[in-house]
Amino acid sequence: MNQQALDGVDVIDLGQIYNGAYSSLMLSYLGADVTKVEPPFGEPLRSRVDEGEPPELVMLNSTKDGITLNLKDERGKELFKDLVRDADVLVENFAPGTMEEFGLGYETLSEINSELIYAHGSGFGEDGPKSDRLAMDLIVQAESGVMDTTGNPEDPPTKTGIAPGDFLGGIHLAAGVMAALYQREQTGEGQFVEASMQDAVYPSLMSQLANYYADADVPSRTGNRHSSLAKAPYNAYEADDGYVAILCTSDDHWQTLCKAISREDLRDDDRFATNVDRVEHMETIDAAIEEWTRERTREEIVSTLSAAGVPCGSVQSVEEVIHDPHLEEREMVVEVDHPTEGPIRVPGTPIRLSGSEMPDIEPAPRKGEDNREIYRDRLGLSEDEIEKLQSDGVI
């Protein structure tokens with residue numbers, strides 16, 4: 001049997017879009033039994049397609065059960081309380097105050113189940129001047145400094161191509177859940193866990209924060225160069241078929257790079273003797289390296305420099321990443337056969353425990369797919385009761 005760290009942990013997942021859904025996905029990959037609860041019309045991600053299952057939803061809800069439930073209906077509220085009664089964890093990332101408006105906030109649910117760990121993901125947290133503001137990832141990127149630090153110096157602030165707030169927030173929320181589970185083993189009591197997206201993103205500004213405290217004369221946006229302009233070479237260089245990232249963290253790396261590209265003249269030039277010297281002549285160094293990279297393919301460059309021990313990597317397209325043999329071997333890209341969407345490659349788990357096997361990843365549930373099983377087997381409802389709830393729009 002596939003033994004995992006969170007076997008026996010029962011999670012109720014109200015997560016929507018990315019933040020909460022990714023947090024509960026990590027818990028499911030660690031062995032928790034996760035039941036995703038959507039409103040009868042489906043969670044917001046479903047509105048991104050006219051029919052079928054959005055790929056994002058399929059990828060973020062693997063290995064979960066799926067039910068529908070109307071939390072605005074009194075019968076729906078009671079059914080939800082019944083689900084929570086024996087649950088270990090509840091994960092949600094609704095707008096602040098939403099669950100309280102439903103009459104299903106932490107104070108209410110903890111009275112029903114004192115061992116419940118209630119995990120809430122939000123944009124700005126439970127307190128502070130911005131706590132009641134709505135926040136999607138773009139808003140968090142704007143407010144947290146991410147947009148101001150992304151792009152080239154001459155360009156306007158730019159969002160990143162990924163969703164750092166959603167996923168960093170989700171990771172921290174999952175970490176908080178696991179800490180609370182451990183503490184419950186000592187105390188027997190559950191607790192409220194929160195992780196805000198802005199809080200989670202803030203520490204990632206480390207280089208920019210260092211610039212601020214050092215009073216460094218560095219622009220907010222440095223393109224592909226080091227965020228503090230404190231390393232050289234450090235850039236993405238044009239190749240014959242794309243771009244390659246190359247950097248040197250030590251003088252040894254620099255000397256090795258010069259030898260690998262047959263530019264011993266650079267190695268012996270006093271202008272480039274130390275990293276501080278090289279930073280002063282960044283433009284000259286970048287031009288010399290790119291003169292070499294432009295004549296070669298990404299594969300040739302990475303093969304040559306990696307063999308020499310110089311840090312480098314090909315700038316891969318999304319398609320290349322999805323089919324990266326390294327990620328495939330590490331089971332970070334796993335192909336599953338979804339019953340309606342067919343084969344799709346879903347993300348695996350970045351968390352590896354020597355005492356746990358890798359998860360067996362199952363396709364994400366279709367909307368309400370497990371209604372009968374959950375309501376009949378877990379809550380003891382009859383087929384007639386389930387049919388009535390369905391016809392009344394409660395599930």
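**Entry 1**

I began with Arg 278, which counts as buried at 1% relative accessibility. For my own reference, buried means under 20% relative accessible area, exposed means over 50%, and partly exposed lies in between, with a 1.4 Å probe and protein chains only. This is a predicted model, where local features need pLDDT of at least 70, side-chain atom pairs count only at pLDDT 80 or more, and totals for chains, interfaces and linings use all residues. Residues are numbered from 1 along each chain as its sequence is written, and side-chain values use heavy atoms, with hydrogens and water left out.

Which residue forms a salt bridge with Arg 278? I found Asp 251, with the closest N and O atoms 2.9 Å apart. A salt bridge here is a side-chain nitrogen of Lys or Arg within 4 Å of a carboxyl oxygen of Asp or Glu. Asp 251 belongs to helix H10 (residues 251–260) and Arg 278 to helix H12 (residues 275–280), so the pair ties together parts that are 27 residues apart in sequence. Helices (H or I, at least four residues) and strands (E, at least two) are DSSP runs, numbered from the N terminus.

I then looked up Glu 335, which forms a salt bridge with Arg 345; their closest N and O atoms are 3.7 Å apart. Glu 335 is in strand E10 (residues 333–338) and Arg 345 is in strand E11 (residues 342–347), so this pair links distant parts of the chain, ten residues apart. Glu 335 is exposed at 53% relative accessibility, while Arg 345 is partly exposed at 24%.

My next pair was Lys 388 and Asp 392, whose side chains meet in a salt bridge at 3.3 Å, N to O. Lys 388 is partly exposed at 47% relative accessibility, and Asp 392 is also partly exposed, with a relative accessible area of 32%. I also wrote down a network: Arg 372, Arg 376, Asp 377, Glu 383 and Glu 387 are joined by salt bridges that share partners.

**Entry 1: Cysteines**

How many disulfides does a search of the whole structure find? The search gives zero. A disulfide is a covalent bond between the sulfur atoms of two cysteines. The cut-off used here is a pair of cysteine sulfur atoms within 2.5 Å.

Cys 258 is buried, with a relative accessible area of 1%.

Cys 312 counts as partly exposed, at 24% relative accessibility.

**Entry 2: A sheet of three strands**

I traced an open sheet of three strands in the order E7-E8-E9, with antiparallel pairing. Strand E7 (234–239) and strand E9 (312–314) stand at the edges with a single partner strand each, so one side of each has no neighbour in the sheet. On average, neighbouring strands of this sheet are turned by 25 degrees against each other, direction ignored. For that angle, axes are lines fitted to C-alpha atoms, for helices over the stretch in contact, and angles run from 0 to 180 degrees between N-to-C directions.

Two strands pair if DSSP finds at least two bridges between them. I looked at E7 and strand E8 (residues 242–247), which pair in the antiparallel sense over six bridges. One detail I kept is that the bridge partner of Tyr 237 is Val 244 in E8.

I found Ile 139 in helix H6 (residues 137–143). Ile 139 is partly exposed, at 34% relative accessibility. The loop between H6 and helix H7 (164–187) holds Met 147, which is buried with a relative accessible area of 18%. The C-alpha atoms of Met 147 and Thr 160 are separated by 7.0 Å, and the two residues are 13 apart along the chain.

**Entry 3: The whole chain**

Last, I stepped back. I listed 18 helices and eleven strands in the chain. The C-alpha trace spans about 85 × 45 × 45 Å along its principal axes. Of the chain's 395 residues, 45% count as buried.
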